[in-house]
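Hi,

Here is the structure I said I would pass on. Have a look at it first, and then read on for my notes.

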Amino acid sequence: MSTTTASFAGRTVFRIGYGAMQLERLHDRRGEAVALLHRAVELGADHVDTAEFYGFGFVNDVIREALRPEDDVLVVTKVGADPNPGGRLPLRLAQRPEQLRASVEDNLRSLGVDRLAVVNLRRLDTGPGLRPEGDQVVDLDDQLAVMTALRDEGKIGAVGLSGVTLDGLRRALPAGVVCVQNAYSLVSRDDEDILKLCTAEGIAWVPFFPLGGTFPGLPKVTDEPVVHAVAESLGVTPSQVGLAWLLHHAPNVLLIPGTADAAHLEANIAVGEITLDAPTVATLDAIQSRPSQASIG
């Protein structure tokens, strides 16, 4: 099950990529941010997850500087929210079709490309986080219409979904979906049915919050005694066990762990070398899943 590569948007990628959000922590150390991205590519990460609202455009700017065409890195961005400098939260929802189109244009500019390889439509139907209100409550079909139009225009290579329900994914399948990003971890497996549909349809499953616990009240993988016991027996960290379980759980799982630290980056990439035998997987599978619903704002 734990092969090192998988299919993503019509190409083969290493199953462990890099989530670039944490690069914003290096805002005042731009050289370190560029060097960290270079190191990720050296270690084999060939897909990077980003968004215009990460660091108010700083992260996309670093990606534009650091990555070259010869690196052959698949850059995946998302729309559905925009930067909100000075706001109570660092982002504001941007769910309306015209806002999605404007967000795509913003990403094209900040990444310095004329085509975005993959763009995830960040819905807000499920999982922890904000929920849309007022004019930000937009029908999925209206959003898919503009996303597929942008794909037809050549501005988007492929469309993914994020924060989507099982019904939403089923509705979106005819539009051609290459990946789903939902909150999912060993301790929060609410979306198992969605993962199974993705596996059956050959859609990449790219969990965010892969170790849980990002918001207060959410369960954390690293709080589980069983995870610690497995980590000790294998000589790895509890975080590595949580990530390795995801790779063993389904063949279409891709990881995008984020960090601003080079040593942590190396530990994340090394997860691809961890083998969990069947009894260990069964022991981890027996850990109780708890709801991942939580709100902010």
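Let me start with a question: is Tyr-184 buried or exposed? Tyr-184 is buried, because its relative accessible area is 1%, and buried here means under 20%. Before you read too much into that, bear in mind that this is a predicted model.

I began with Tyr-184 since it turns up in two aromatic pairs, one with Trp-205 and one with Trp-245. By the rule I used, the protein has four aromatic pairs in total. The pair of Tyr-184 and Trp-205 is edge-to-face, with 5.5 Å from centre to centre and 85° between the planes. It links distant parts of the chain: Tyr-184 sits in the loop between strand 10 (177–181) and helix 6 (192–201), while Trp-205 belongs to strand 11 (residues 204–205), 21 residues apart. Trp-205 counts as buried too, because its relative accessibility is 0%.

What about the rings of Tyr-184 and Trp-245, and why is that pair stacked? Their planes are at 25°, so the pair is stacked, and the ring centres are 6.3 Å apart. For reference, planes under 30 degrees apart count as stacked. This pair also links distant parts of the chain, as Trp-245 is in helix 8 (residues 238–249), 61 residues apart from Tyr-184. Both Tyr-184 and Trp-245 are buried. Ser-239 counts as partly exposed because its relative accessibility is 25%. Leaving aside neighbours within four places in sequence, Ser-239 is in contact with Leu-211 and Thr-222. Thr-222 is 17 residues from Ser-239 in sequence, and their C-alpha atoms are 6.2 Å apart in space.

Phe-56 has a phi near 55°, a positive value in a residue other than glycine. You will find Phe-56 in the loop between strand 4 (47–49) and helix 2 (58–66), and Phe-56 counts as partly exposed, at 44% relative accessibility. The other spot is Phe-209, where phi is near 50°, again positive and again not in a glycine. Phe-209 is in the loop between strand 11 and helix 7 (225–234).

Now for the overall picture. The protein has ten helices and eleven strands. Its radius of gyration is 18 Å, which agrees with the value near 19 Å that a compact globule of 297 residues would have. Along the principal axes, the C-alpha atoms fill a box of roughly 50 × 45 × 40 Å. Of the 297 residues, 54% are buried. Among contacts with a separation of 6 or more, 75% are between residues 24 or more positions apart.

As for the surface, the protein exposes about 12500 Å², and carbon and sulfur atoms supply 51% of that.

Cheers

Technical notes:
Residues are numbered from 1 along each chain as its sequence is written. This is a predicted model: local features need pLDDT of at least 70, side-chain atom pairs count only at pLDDT 80 or more; totals for chains, interfaces and linings use all residues. Side-chain values use heavy atoms; hydrogens and water are left out. Helices (H or I, at least four residues) and strands (E, at least two) are DSSP runs, numbered from the N terminus. The radius of gyration is taken over C-alpha atoms; the globule rule is 2.2 Å times the number of residues to the power 0.38. Buried means under 20% relative accessible area, exposed over 50%, partly exposed in between (1.4 Å probe, protein chains only). Contact means heavy atoms within 4.5 Å. Accessible areas come from the Shrake-Rupley method with a 1.4 Å probe; for residues, only the protein chains shown count as cover. Rings of Phe, Tyr and Trp (its six-membered ring) pair if their centres lie within 6.5 Å; planes under 30 degrees apart count as stacked, over 60 as edge-to-face and the rest as tilted.
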